[in-house]
Amino acid sequence: MPLLSLIVFTPLAGVLMLALMPKEQHRSLRRGAFVFSLLPFALSLCLLARFNPAEAGFQFTEEAAWIPQFGISYKVAVDGISLFLLLLTTFLTPLVILAGWGDIHKRVKEYMVFLLLMETGMVGAFVAVDLFLFYVFWEVMLIPMYFLIGVWGGERRIYAALKLILYTMTGSLLMLVAILYLVILHNQQTGQFTFDLMRLYDFSAPLATQRWLFAAFALAFAIKVPMFPLHTWLPDAHTEAPTGGSVILAGVLLKMGTYGFLRFAIPLFPLAAREALPIIAVLAVIGIVYGALVSMVQPDLKRLVAYSSVSHLGFVMLGMTALNTQGVEGSIYQMLNHGLSTGALFLAVGVLYERRHTRLIREFGGLWQQMPLYGAVFMIVMLSSVGLPGLNGFVGELLILLGAFQTHRVAAIVATSGVLLGAVYMLWMYQRVMFGPLTNPANSNLRDLSKREVLVFLPILVMLFVMGVYPNPFLSRMEPSVQAYLSRMHQKMAAAETSVQLSAVSPQPAKGELKADR
């Protein structure tokens, strides 16, 4: 059974079904979208159950010729690096649909269609092991997000949507040029066209070429992360997006950038990556501190959470640059943590916005008296984002700092300040919103969480505790793939280093010898 293809294309089947339904039947449209988002999650649980945790390479590989003249194939597979990112996507999508059940009343059919279409793009990008196929899925997920912000967003939605599309399209086009150049170069040296990732892993371009190609890939992924100083589209996109759009954007779409570095940019161009990793580590640390400091002064809850993403994703990038087991595993684990914790933070902000139609912190205060259940949920989510021991965020940050201390000691020391600053701005925000007297009359009749809202938060809260208390099932499935990844990277870097040393000590022919040769 083509399990991965079923996971990828079941949401697309849901799109086709919704397209045939009358747009006035909102209830049926919501139910249909929810069912077609639950099916991929159920299938991905089957995938998890059948996944061999001892296998380092790709599993569940499916391959079919697509455009054989140019070496393009439909090839999908999953390993320990992409497995849980796929699960994160299929886990969050039905929760996003459920969260928007009572919030989205305009163009419900189109909203559900775009969410399902985006799920196909996101899952496809995580499992594609053909560069052309990856690029197709990469673009497929971008268009629905543009419309989610542009149609269902806030007052400045057009500005935010255009900014998102301009930033990401610029990066995407550069990456496409780099992909084509890499494939043409491979063809010139081997006589074969191929977009197969595993075959391109074994191909080594000259260092000067690698620098340009790595720069193009890195720019595309750095925009998507978003890394400092390419992050400026993110706060606008988050602020103007509907709650569901913010959750998907923070939960999954930003991971495309970090995953792209790990899966494509670094292993395809290891020599250039080796030179660039210290620079990336510095930018990551700047992002950690900068994101935390800017979060402190945000008057808007959503912008605060958006800037906190810049800080948290800086940790992900820092762990990746360590190129050791703790750093890379911590990086992958932190991607999952950020998807759950920040996704839940946006859901929590969405609950307040749905009731008060404002996100300004000064409009709230003393909400715990009126909404104790909401206050408890918000507190757990906030503490997981802070990295409290016993919750998921602690494990990821600890692994990243352990890994970074071994390779970038100064950067790791500076990055620890981000943990402290994160606790300060999150606790301060929570204190101003939830504690103190209930002085604003507009908040005196706010209702607590509904059953539907509890149903949305409950699975996320369970995962926050499970990943915080018992991370081994996750890490044990990542480890063989991470070890194989690091082994390949270090071998290629060592071979290149040896080559450089040999060329440096090789005696140069004397002038007389040159004349004799002629």
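Predicted model: local features only at pLDDT ≥ 70, side-chain atom pairs only at ≥ 80, totals over all residues.
View 1. Isoleucine 286 lies in helix α11, which comprises residues 270-296. When neighbours within four places in sequence are set aside, isoleucine 286 contacts Phe228 and Gly291. Methionine 198 is 88 residues away from isoleucine 286 along the chain, and the C-alpha atoms of the two are separated by 34 Å.

**View 2. Packing of helix α11 with helix α17.** Helix α17 spans residues 409-434, and its axis comes within 9 Å of that of α11, with a crossing of roughly 20°. The two helices are therefore roughly parallel, the angle being under 35 degrees. Their crossing is left-handed. On the α11 side, the residues that meet α17 are Val285, Ile288, Val289, Ala292, Leu293, Ser295 and Met296. Their partners in α17 are Ala411, Val414, Ala415, Ser417, Gly418, Leu421, Val424, Tyr425 and Trp428. By class, the contact of α11 with α17 comprises 13 nonpolar and 3 polar residues, with no charged residue.

**View 3. Leucine 318 in helix α12.** Leucine 318 is located in helix α12, residues 301-322. Its relative accessibility is 0%, so leucine 318 counts as buried. Beyond its neighbours within four places in sequence, leucine 318 touches Ala281, Ala284, Val285, Ile288, Ala404, Ala411 and Ala415. Among these contacts, Val285 and Ile288 of α11 and Ala411 and Ala415 of α17 also take part in the contact between those two helices. Valine 247 is 71 residues from leucine 318 in sequence and 23 Å from it in space, C-alpha to C-alpha.

**View 4. Helix α16 and its buried residues.** Helix α16 consists of 16 residues, 392-407, and reaches 24 Å from its first C-alpha to its last, close to the expected 22 Å. Its buried residues include Asn392, Gly393, Val395, Gly396, Glu397, Leu399, Ile400, Leu401, Gly403 and Ala404. One of them, Ala404, is in contact with leucine 318.

**View 5. Helix α13 against helix α18.** Helix α13 (residues 325-356) packs against helix α18 (residues 451-469) at an angle of about 150°, and their axes are 11 Å apart. The pair is therefore roughly antiparallel, and the crossing is left-handed. From α13, the contact involves Tyr333, Leu336, Asn337, Leu340, Ser341, Ala344, Leu347, Ala348, Val351, Glu354 and Arg355. From α18, Glu453, Val456, Phe457, Ile460, Met463, Leu464 and Met467 contribute. The residues of this contact divide into 13 nonpolar, 2 polar and 3 charged.

**View 6. Helix α8 and its cover.** The 18 residues of helix α8, 207-224, reach 25 Å from first C-alpha to last, close to the 26 Å expected. Buried residues of α8 include Thr209, Gln210, Phe214, Phe217, Phe221 and Lys224. The elements that cover the buried residues of α8 include α5, α6, α9, α10 and α11.

**View 7. Helix α3 alongside helix α10.** Helix α3 (residues 83-99) and α10 pack at about 170°, with their axes 9 Å apart. This angle makes α3 roughly antiparallel to α10. Leu85, Leu88, Thr89, Leu92, Thr93 and Val96 of α3 meet Gly244, Val247, Ile248, Gly251, Val252, Lys255 and Tyr259 of α10. The contact of α3 with α10 has 8 nonpolar, 4 polar and 1 charged residues.

Key: Residues numbered from 1 in each chain as written. Heavy atoms only, no water. Helix = DSSP H or I, 4+ residues; strand = E, 2+ residues; numbered from the N terminus. Expected span 1.5 Å × (residues − 1). Buried < 20%, exposed > 50% of the residue type's maximum accessible area, 1.4 Å probe, protein only. Axes fitted to C-alpha atoms, helices over the stretch in contact; angles between N-to-C directions. Parallel < 35°, antiparallel > 145°, perpendicular 65-115°, else oblique. Left-handed = near helix turned anticlockwise from the far one by under 90°. Contact = heavy atoms within 4.5 Å. Nonpolar A, V, L, I, M, F, W, Y, C, P; charged D, E, K, R; others polar.
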